[in-house]
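Have the structure open while you read.

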Amino acid sequence: MKQHSLFDIISPVMIGPSSSHMAGAIRLGLMAGKIYSSTIKKVTFKLYNSFAETGKGHGTDKGLMAGLIGLSADDIRVRTVFDLEEVKKIDYKYEFSHNLDRHPNAVDFIINDETVISGNSTGGGNIEITKINEFETSISGEYPTIIVFYKDKPGMISRVTELILEKHINVATLNCTRNAKGETASMCICLDSPAENGVAEKISALEDVYFVRNIDKMDS
Amino acid sequence: MIKSLNTFETLLSYSEENNLPIYKIMEEVESRAFDITVEEIRKKVKHNVDEMKNSIKNGLACREKSQSGLSGGDCAKLREKFKTTPALFGSLYEKISTYSLAVIEENARMGKIVACPTAGSCGIVSSVLVALSEELNLTEEDEINMLITAGAIGHIVSIKLAPAGAVGGCQAECGLASAMAAAACTCARKGTTKQIIHSATLALKNILGLTCDPVLGLVEVPCVKRNVFLATYSITASELAMAGIESKIAPDDVVDALVQTGQLMSPLLKETSQGGLAFTKSADNFKETIKF
């Protein structure tokens, strides 16, 4: 269950005009950038439903790009993000469509033609990353989070959590899904305190682990 | 020891039994839930108060239009009017109305604001807090207490209803903001916990049914002017409560009514821009002329 914070109500400090269409867009971009975590040369933003309809008027296009290059929700440079040198180097485009199976404020980031990261802006600046390539996830940025993709086989969860236990870090929530038995599976681990450097590397070194990301909590 | 703050009833009884003001209880709950010291909480709140002041300053200094052209410039108009013809309600009213307009216009121009509880209602708590602080010569500590008190009200309501127009209509955004502002105002005037809760309740009770029907889906029409209306309105709720006037419907019941009203509200009136003001001839005309 989500714990309600005082700062959910009296925050965020943000660039207007809409927490879902701007702060949420920036945070989705930030999260996608952290998950991808290497140089972005090309990106296609696919905006759905309300994001597609009213996104331009709200500057959602600017917000998504700003987040992707690492600007925070209260960075005034969001307004002129397309003039920034690092953005001029990126080959980017926006697509707008409707899909009632998707959340009203949904977006796909297609990065360097190889990685697709999907997410929703769920209101009040809160977000959820719902998919990384073909894997379902649920990353909100409220906790330090470790994401692991691995081969579905006995013992994988305990091997990964053992490495977290070694650092005396408490696991707040743990969600696992898999495509099919014995196929690739994903683990999304929310922690009560950030995993120190080295934990992600140790998990990466485990046999049959394909992908690991250690993502910080987002500032409110 | 209080673990969570879910109802106004819990807040009132805990406050009266332990002789603690609302802000201290909220600090205690937040501190325990998120493993953060009270000092850190107050530092973060102060940052938000400072950003509220900045947004007022920036908004007052700018008369530019928003990207759509639907808003911007009215704050300057109102200030000029007050210079020649003062407000009937006096200087506090002048400040609250111009400050709220300054902040919400700044929001529409993609300026930096504090969403409280949302961006679309950002002018309400900001303007009431800063205007009162100036008029009553309040301290920094008072300002922090006011914002935490406002946050406590929003916190309790938001457990039952997400502060989002798409979920509960504008009653859940500007409506909730006015209840929070009323509480901040009553806190600033040293009202009792009961008076603070009832000021928020009276505000909520009188905005039940407020829909979210923004023209073109933008946070401008009717949001910009609505911030001014609901900021000034919150003072009325505080005045009544300071006189000891209470809501006949219990505070938690009013929250339940708010939730129920939000559920009964047609989806066409909940941020989809398919009904109400967004579905008028005038709105259609804007659709023709405004292109992004």
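Val13(A) sits across from Val114(B), a residue of β1(B). This is a predicted model, so treat what follows as computed from it. The pairing belongs to strand β1 of chain A, residues 13-15, which runs antiparallel to β1(B) and is joined to it by three bridges.

Zooming out to the whole interface, 32 residues of chain A are in contact with 41 residues of chain B. On the chain B side, five elements each supply at least two residues: α2 (22-34), α3 (38-60), α5 (91-108), β1 (112-114) and α7 (140-160). Of these, α7(B) gives the most, with eight residues.

| α2(A) with α4(A) | 10 residues | six residues | one residue |

Now for that second row, inside chain A. Helix α2 (residues 19-36) and helix α4 (residues 60-68) of chain A have axes that come within 6 Å and cross at roughly 30°. Angles under 35 degrees count as roughly parallel, so α2(A) is roughly parallel to α4(A). The crossing of α2(A) past α4(A) is right-handed. On α2(A), the residues making the contact include His21(A), Met22(A), Ala25(A), Ile26(A) and Leu30(A). From α4(A) come Thr60(A), Gly63(A), Leu64(A) and Leu68(A), among others.

Conventions:
Residues numbered from 1 in each chain as written. Chains lettered and ligands numbered in written order. Predicted model: local features only at pLDDT ≥ 70, side-chain atom pairs only at ≥ 80, totals over all residues. Axes fitted to C-alpha atoms, helices over the stretch in contact; angles between N-to-C directions. Helix = DSSP H or I, 4+ residues; strand = E, 2+ residues; numbered from the N terminus. Parallel < 35°, antiparallel > 145°, perpendicular 65-115°, else oblique. Left-handed = near helix turned anticlockwise from the far one by under 90°. Contact = placed C-beta atoms within 7 Å. Nonpolar A, V, L, I, M, F, W, Y, C, P; charged D, E, K, R; others polar. Pairing = 2+ DSSP bridges.
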